Amino acid sequence: MPSQDEASFQRAETLLSQAQQAQDSSPKRSTIWANQALKISEEIDDVSTSAQAHFLLGKLTSRTDQYKKSQHHFFTASAIFEKLNDTENYISSNVGYIDVLVKDKQFTKAENAITTLVPLAFQYGVDFPIGITLKAKGDYHFARAEYTIAVVQYLMAIEYLTVNESHIQKLNARTLVRIAEAYKRLENREKTVEYYEKALAIYTDLNEIKSMARTFNTLAEAQRYLGNLVLALDYALQSLALHGQIDDAEGRAKALMGAGIIYRYIGRYEQSLKHVHQAHKYYKKVNDATGIAKTSNQIGHIYFRLEQFDQARSFYMLSISLPEEKVEPKTLATALEKARLSITTRVTMLRQPC
């Protein structure tokens with residue numbers, strides 16, 4: 001029979017393995033198992049399992065915006081990995097730590113950590129740690145709205161993310177998406193399309209349906225801005241078809257609104273209203289003020305085009321009535337302008353002789 005410590009060691013490893021496998025499919029269960037693994041490993045002084053448990057808990061708490069907890073777990077994991085001379089995991093933990101600092105807008109701390117980590121990654125000389133470190137640096141500049149610098153870092157990162165393993169290729173695709181997002185903010189629509197298409201090719205090879213569906217939708221938006229409405233609608237409909245295969249209510253709502261906007265652009269107002277209204281219902285169900293405002297404005301635009309100005313104004317007023325801090329300034333400004341225009345246009349039409 002194994003000793004008590006040996007049994008505890010095996011139990012901690014088993015719990016950690018279960019937690020790692022469940023981190024995407026069942027994050028709550030994963031968190032429970034990871035905490036149990038951490039408790040047991042600390043009791044028996046199993047530092048390696050403790051470090052891995054802290055690292056996993058850092059990722060899980062970051063996803064739920066528990067930034068203080070996440071920083072603690074990543075920082076603790078990196079300290080243990082440093083003592084174990086495990087450089088690769090030390091770098092990975094610090095990348096997680098930097099990611100949380102950036103999300104929490106602690107930019108000075110993030111910059112200091114990056115300044116230390118990038119030379120260490122290159123000194124270590126292994127592609128994957130270099131790639132994730134450069135991506136973290138890109139994310140830092142992206143969060144600071146330094147999009148041109150971010151693109152340079154992302155392009156350097158993907159040079160080190162070339163190994164044909166699924167987890168590396170997923171990260172490669174996410175980096176390509178970030179490049180596309182940076183170019184979108186720089187209003188370079190051609191480059192936006194180029195990098196979304198590169199990401200889509202990887203997601204397709206990996207059969208990542210959710211990522212494919214969301215990328216088709218972002219491509220639809222980019223092509224709409226370029227004026228390629230037929231291609232944009234094709235991408236939007238492909239996105240909706242894929243969303244029909246998966247459980248991604250938020251992504252489907254975005255795709256419905258995207259398709260609705262394109263239908264309005266080509267004058268198919270009935271289809272436009274149908275799609276945007278479905279998205280509107282979802283945002284009301286989950287009480288997402290930002291989504292409610294955006295879809296209300298879009299419904300207002302449709303009724304405005306149909307010269308149903310009272311209906312249009314009622315939806316613009318819905319956007320205006322929402323808590324101001326929860327509505328994007330551009331969305332609110334559009335609602336205010338269009339609500340006023342709905343009134344003046346209606347009055348003008350009523351004054352015209354029959």
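This is a predicted model: local features need pLDDT of at least 70, side-chain atom pairs count only at pLDDT 80 or more; totals for chains, interfaces and linings use all residues.
Reader: Where does K135 sit, and is K135 buried or exposed?

Author: Buried means under 20% relative accessible area. K135 has 13% relative accessibility, so K135 counts as buried. Its place is in helix α7, which spans residues 127–143.

Reader: Which residues does K135 touch, leaving out those up to four places away in sequence?

Author: K135 touches Y154, A157, L171 and T175.

Reader: How many aromatic pairs are there?

Author: Rings pair if their centres lie within 6.5 Å, and planes over 60 degrees apart count as edge-to-face. By this rule there are ten aromatic pairs. One of them joins F107 and Y140: the ring centres are 6.2 Å apart and the planes stand at 70 degrees, so this pair is edge-to-face. F107 belongs to helix α6 (residues 107–124) and Y140 to helix α7, so the pair ties together parts that lie 33 residues apart in sequence. F107 and Y140 are both buried.

Reader: What geometry do Y282 and Y283 show?

Author: Y282 and Y283 form an edge-to-face pair, with 5.3 Å from centre to centre and 65 degrees between the planes. Y282 is partly exposed, at a relative accessible area of 21%, whereas Y283 is buried, at 5%.

Reader: Over which rings do the charged ends of R178 and R189 sit?

Author: For Arg, the test takes CZ within 6 Å of the ring centre and within 35 degrees of the ring normal. The charged end of R178 sits over the ring of F142, 4.0 Å from its centre. For R189, the ring is that of Y225, with the charged end 3.8 Å from its centre.

Conventions
Residues are numbered from 1 along each chain as its sequence is written. Side-chain values use heavy atoms; hydrogens and water are left out. Helices (H or I, at least four residues) and strands (E, at least two) are DSSP runs, numbered from the N terminus. Buried means under 20% relative accessible area, exposed over 50%, partly exposed in between (1.4 Å probe, protein chains only). Contact means heavy atoms within 4.5 Å. Rings of Phe, Tyr and Trp (its six-membered ring) pair if their centres lie within 6.5 Å; planes under 30 degrees apart count as stacked, over 60 as edge-to-face and the rest as tilted.
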